[in-house]
Amino acid sequence: MSSGLTFPLEDASWACREAVAGMDWDLESIEPQRLVLRRRMMFGRDPAKVEVLLSESGPDAATVTLNGQDPW
């Protein structure tokens, strides 16, 4: 899933980090244009994983792509 944001890449990265901070997910890695989140699942299953990728789509615009993995 991809979505566009109407602010520069650095601001989009900050906005995504702030959004993630309020969620009950573990931040596995943080890079300027990539965040990886995991959430432990019940009953010993592998954790769910979401990768947030940011790319510049213009001088004042960024694209956010979410790649997810659900072990269920």
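I looked up the salt-bridge network first: it links Glu31, Arg34 and Glu51. A salt bridge here is a side-chain nitrogen of Lys or Arg within 4 Å of a carboxyl oxygen of Asp or Glu. This is a predicted model, where local features need pLDDT of at least 70, side-chain atom pairs count only at pLDDT 80 or more, and totals for chains, interfaces and linings use all residues. Residues are numbered from 1 along each chain as its sequence is written, and side-chain values use heavy atoms, without hydrogens and water.

I took the network pair by pair. Arginine 34 and glutamate 31 form a salt bridge, with the closest N and O atoms 3.3 Å apart. Arginine 34 also meets glutamate 51, at 2.6 Å from N to O. That pair links distant parts of the chain, 17 residues apart: arginine 34 is in strand S3 and glutamate 51 in strand S4 (residues 48-58). Strands are DSSP runs of E, at least two residues long, numbered from the N terminus.

Next I checked burial (buried is under 20% relative accessible area, exposed over 50%, partly exposed in between, with a 1.4 Å probe and protein chains only). Glutamate 51 is buried at 17%. Arginine 34 is partly exposed at 25%, and glutamate 31 is partly exposed at 37%.

Then I counted: how many salt bridges are there by this rule? There are three. I noted glutamate 28 with arginine 38, at 2.2 Å from N to O. Glutamate 28 sits in strand S2 (residues 26-31) and arginine 38 in strand S3 (residues 34-39), so this pair ties together parts ten residues apart in sequence. Glutamate 28 is partly exposed at 45%. Arginine 38 is partly exposed at 24%.

Technical notes:
Helices (H or I, at least four residues) and strands (E, at least two) are DSSP runs, numbered from the N terminus.
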